[in-house]
Amino acid sequence: QVQLVESGGGLVQAGGSLRLSCAASGTISSINVMGWYRQAPGKQRELVATIAPSGSTNYADSMKGRFTISRDNAKNTVYLQMNSLKPEDTAVYYCKADIRTYSGYVWLGYWGQGTQVTVSS
């Protein structure tokens, strides 16, 4: 009923940039916080950044100044602009959105399928 589809991942050299997109679709009544998380091989999934409907943002310390999260509420889409990429940024990046559907009364967290980002040295 609800789908989050990420795009924009790929292979980039260190110092390069990528822009990820995540579009939510389905029987969506409203969307609250949207965010990006990442999981590197052998590591736990970690927060990258979140953004509220108002545009208020929160970043993990290691991403501040290099990554920028934004959203288009009319398109139910969240973006992640990643600059000055480092090899240690290599991971699968997942988007997450807190969504209330037309048939639901509570907020549920939905995840995308993930997109691979690989940064070569």
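Student: Is Y105 buried or exposed?
Tutor: In this predicted model, Y105 counts as exposed because its relative accessibility is 77%, and the cut-off for exposed is over 50%.

Student: Where in the chain is Y105?
Tutor: Y105 sits in the loop between β9 (91–101) and β10 (108–111).

Student: What kind of surface patch does Y105 belong to?
Tutor: A nonpolar one, formed by Y105, V106 and L108. Together these residues have about 380 Å² of accessible area.

Student: OK, now the inside. How many residues are in the largest nonpolar core?
Tutor: The largest nonpolar core has 31 residues. W36, L80, M82 and Y93 have the most contacts inside that core.

Student: Which strands supply at least two residues each?
Tutor: The strands β1 (2–7), β3 (18–26), β4 (28–39), β5 (46–51), β7, β8, β9 and β11 (115–120) each do. The strand that gives the most to this core is β9, with five residues.

Student: Why would nonpolar side chains be buried together?
Tutor: As a general point, nonpolar side chains in soluble globular proteins tend to be buried together.

Student: Back to M82. What does M82 touch?
Tutor: Leaving out residues up to four places away in sequence, M82 touches G16, S17, L18, L20, R66, F67, Y93 and V117.

Student: R66 is on that list. Which residue does R66 form a salt bridge with?
Tutor: R66 forms a salt bridge with D89, and the closest N and O atoms are 2.7 Å apart. This pair links distant parts of the chain, 23 residues apart. R66 is in the loop between β6 (57–59) and β7 (67–72), while D89 is in the loop between β8 (77–82) and β9.

Student: Are R66 and D89 buried or exposed?
Tutor: Both are buried. For D89 the relative accessibility is 1%. The salt bridges that share partners also join R66 and D89 with R38 and E46 into one network.

Student: How many salt bridges does the structure hold?
Tutor: The structure holds five. Another one of them joins the side chains of K64 and D61, at 3.3 Å from N to O. D61 is exposed, with a relative accessible area of 65%.

Student: What lets side chains like that pair up?
Tutor: In general, side chains of opposite charge can pair when their charged atoms come close.

Student: Switching to rings. How many aromatic pairs are there?
Tutor: The count comes to two aromatic pairs. In one of them, the rings of Y94 and W111 have centres 6.5 Å apart and planes at 85°.

Student: Why is that pair called edge-to-face?
Tutor: Because the planes are at 85°, and an angle over 60 degrees counts as edge-to-face. The pair links distant parts of the chain, with Y94 in strand β9 and W111 in strand β10, 17 residues apart.

Student: How covered are those two residues, buried or exposed?
Tutor: Y94 is buried, with a relative accessible area of 14%. W111 is partly exposed, at 37%.

Student: Which residues form the aromatic cluster?
Tutor: Y37, Y94 and W111 form one aromatic cluster.

Student: What about S120, where is that?
Tutor: S120 is in strand β11. It counts as partly exposed, at 27% relative accessibility.

Student: What does S120 touch?
Tutor: Setting aside residues up to four places away in sequence, S120 touches L11, V12, Q13 and A14. S120 and L11 are 109 residues apart along the chain, and their C-alpha atoms are separated by 7.3 Å.

Student: Last topic, the backbone. What is the phi of N76?
Tutor: N76 has a positive phi of about 50°, although it is not a glycine. N76 lies in the loop between β7 and β8, and is partly exposed, with a relative accessible area of 25%.

Student: And what is the phi of S84?
Tutor: S84 has a positive phi of about 50°, and it is not a glycine. S84 is in the loop between β8 and β9. The relative accessible area of S84 is 41%, which makes it partly exposed.

Note on methods
Residues are numbered from 1 along each chain as its sequence is written. This is a predicted model: local features need pLDDT of at least 70, side-chain atom pairs count only at pLDDT 80 or more; totals for chains, interfaces and linings use all residues. Side-chain values use heavy atoms; hydrogens and water are left out. Patches are made of residues with over 30% relative accessible area and no salt bridge: like charges are joined within 9 Å, nonpolar side chains (Val, Leu, Ile, Met, Phe, Trp, Tyr) within 5 Å. Accessible areas come from the Shrake-Rupley method with a 1.4 Å probe; for residues, only the protein chains shown count as cover. A salt bridge is a side-chain nitrogen of Lys or Arg within 4 Å of a carboxyl oxygen of Asp or Glu. Helices (H or I, at least four residues) and strands (E, at least two) are DSSP runs, numbered from the N terminus. Buried means under 20% relative accessible area, exposed over 50%, partly exposed in between (1.4 Å probe, protein chains only). A nonpolar core is a set of buried Ala, Val, Leu, Ile, Met, Phe, Trp, Tyr and Cys residues joined through side-chain atoms within 4.5 Å. Contact means heavy atoms within 4.5 Å. Rings of Phe, Tyr and Trp (its six-membered ring) pair if their centres lie within 6.5 Å; planes under 30 degrees apart count as stacked, over 60 as edge-to-face and the rest as tilted.
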